Amino acid sequence: MENFQLQISALLDVPMATVEFCSEKIKVKKVPKGGILLNAGETCKDTFFVNKGLLRMYSIDKNGKEHILHFAPENWILVDRTSLYLNQPSDYYIDAIVETEVLILSPEYFEFLGEKQPSIYSRQNALLHNHISSLQKRITQLLGATAEERYVDFLKTYPNIFERVPQWMVASYLGITPESLSRVRKELVKRKKKKI
């Protein structure tokens, strides 16, 4: 909990004492590997902060193929914003790739925090714009970047998770086949050796 409190205090620019006071509105949940926090068709009711472990958010198309939208390692927040804020059934699943401990933040948590510290609303607005910007960048990459460019950006975005997830999941996130991902990785290694 202390790690989360430090993160939220810094992220929303809220005094630690206020964050600690609001912590009674948080639930801690241990999710086993493969455990589901959100199913497609359900309405998302909470925001998830990853204290330990790794989550993913994905959809499944009509042919049964998974499309990973996000990974969320330690200290990341994951939520289906459309479902949560517009009260609509989600198109996504959220599950644990490994055994994971999450802090469950209900909308009431942020309301309670806002009552104590109204300045968080402008900070939340700025964070929302950052989130939208990163989604736009991701869409642009999927539409126009090469597989190699997408892979290099993945490594920058998620520097510590490649060894923690199966290669097919990384390929799903990149929108390519596992075979294409293997070729991209081999090509990058080959180029790196030539430079040495």
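Arg-138 lies over the face of Tyr-173, at 3.7 Å from the ring centre, where a charge counts as sitting over a ring if NZ of Lys or CZ of Arg is within 6 Å of the ring centre and within 35 degrees of the ring normal. This is a predicted model, in which local features need pLDDT of at least 70 and side-chain atom pairs count only at pLDDT 80 or more, while totals for chains, interfaces and linings use all residues. Residues are numbered from 1 along each chain as its sequence is written, and side-chain values use heavy atoms, with hydrogens and water left out. Arg-56 also lies over a ring face, that of Tyr-58.

| Charged residue | Ring | Distance to ring centre |
|---|---|---|
| Arg-138 | Tyr-173 | 3.7 Å |
| Arg-56 | Tyr-58 | 3.9 Å |

Tyr-173 also belongs to a cluster in which ring pairs link Phe-71, Trp-76, Tyr-151, Phe-154, Tyr-158, Phe-162 and Tyr-173. Rings of Phe, Tyr and Trp (its six-membered ring) pair if their centres lie within 6.5 Å, and planes under 30 degrees apart count as stacked, over 60 as edge-to-face and the rest as tilted. In the whole structure, a search finds 13 aromatic pairs. In one of them, the rings of Phe-4 and Tyr-109 have their centres 6.1 Å apart and their planes at 55 degrees, so the pair is tilted. Both Phe-4 and Tyr-109 are buried, a term that stands for under 20% relative accessible area, with exposed over 50% and partly exposed in between (1.4 Å probe, protein chains only). Tyr-151 and Phe-162 form an edge-to-face pair, with 5.9 Å from centre to centre and 80 degrees between the planes, and both Tyr-151 and Phe-162 are buried.
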